[in-house]
Amino acid sequence: MTQIFAHRGYSALFAENTMGAFIEAEKAGADGLELDVQLTKDGEIVVIHDEKVDRTTTGKGFVKDFLYKEIRKFNANKNGLKKEAIPSLAEVLEWLKTNKLICNIELKNGLIPYEGMEEKVIKLVRKYGLSDRIIISSFNHYSIVQSYRLAPEIETAPLFIEGIYMPWIYSQAIRAKGIHPKHSSMSDNIFINTMQNGIAVRPYTVNKDADMHRFFNINCTAFITDDPVKALRIRKQYEKRP
Ligand code: G3P
Ligand code: CA
């Protein structure tokens, strides 16, 4: 059955990439989470989508220019009632030990080439003993290869915006066990062929009913959605099928 990954947590209803959004995704019954990581000035891995804190928090400026203790003062739930700090990856992994969720960590090192990001993330994943429940993804495919070299036991998955020719061949070449394509970038046939070649397919960001039906119908490995509750409701129709 197609797994449901909550994009930046249950971000349709809760502030993206916050502990609140992750906890609500788990409570809702999602199979996994997707989250984004950047590095602070002092090298702490923090969970935030943009290179700057401006859009999602009460602060202003680049993540890379703040110390961890400084960035923690900003509110990442600025439209909500309760203040939420930008989570550290360590905080999320600590919490993941209390449940069974799969966690897709997206390395946001396409614009800023954070030195040592792969090593830092892998060190933390190993420290918490979560290697078998983590998928490392990135639009930076050099980083995907680097992650595989450092930690062949952790699954990797390149992200794609555009379709590519025979993605299973490319995945095998870079030793990735999955691909995370934009949902509209490739046809059903390409996705089915990729899975038949042993490569997991987890498209993003699947929010419309029709698109969810599309991926349940082809028995896609998983999809990444802002609304895990809607996805779970639609999946029920498929679970009843013989
Ligand atoms: O991991 C899938 C998706 O999150 C990639 O795009 O911009 O939402 O991080 P973005
Ligand atoms: Ca992401």
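Q: If buried means under 20% relative accessible area, exposed means over 50%, and partly exposed lies in between (1.4 Å probe, protein chains only), why is aspartate 65 called partly exposed?
A: Aspartate 65 has a relative accessible area of 41%, and this value falls between the limits of 20% and 50%, so the residue is classed as partly exposed. This is a predicted model, in which local features need pLDDT of at least 70 and side-chain atom pairs count only at pLDDT 80 or more, while totals for chains, interfaces and linings use all residues. Residues are numbered from 1 along each chain as its sequence is written, chains are lettered from A and ligands numbered from 1 in the order in which they are written, and side-chain values use heavy atoms, with hydrogens and water left out.

Q: What makes the contact between lysine 64 and aspartate 65 a salt bridge?
A: A salt bridge is a side-chain nitrogen of Lys or Arg within 4 Å of a carboxyl oxygen of Asp or Glu; the N to O distance between lysine 64 and aspartate 65 is 3.1 Å, so the pair qualifies. Lysine 64, at 35% relative accessibility, is partly exposed.

Q: How do you know that glutamate 24 and lysine 27 are about one helical turn apart, and what makes them a salt bridge?
A: The two are 3 residues apart in helix H1 (residues 19-28), which means a separation of about one helical turn; helices (H or I, at least four residues) and strands (E, at least two) are DSSP runs, numbered from the N terminus. The closest N and O atoms of glutamate 24 and lysine 27 are 3.3 Å apart, so they meet the distance rule for a salt bridge. Glutamate 24 has a relative accessible area of 23% and is partly exposed, whereas lysine 27 reaches 59% and is therefore exposed.

Q: What makes glutamate 106 a salt-bridge partner of lysine 108?
A: The closest N and O atoms of glutamate 106 and lysine 108 are 2.8 Å apart, so the pair lies within the salt-bridge limit, and lysine 108 is buried, as is glutamate 106. The structure holds 14 salt bridges, and a network of them links Arg8, Glu16, Asp50 and Arg55.

Q: Why does the radius of gyration of the protein chain agree with that of a compact globule?
A: The radius of gyration is taken over C-alpha atoms, and the globule rule is 2.2 Å times the number of residues to the power 0.38. With 242 residues, a compact globule would have a radius near 18 Å, and the protein chain has 17 Å, which agrees. The C-alpha trace spans about 50 × 40 × 30 Å along its principal axes, 56% of the 242 residues count as buried, and the secondary structure comes to 9 helices and 9 strands.

Q: Why is asparagine 17 called buried, and what phi does it have?
A: Asparagine 17 has 2% relative accessibility, which is under the burial limit, so it counts as buried. Asparagine 17 lies in the loop between strand E1 (3-7) and H1 and has a positive phi of about 55° although it is not a glycine.
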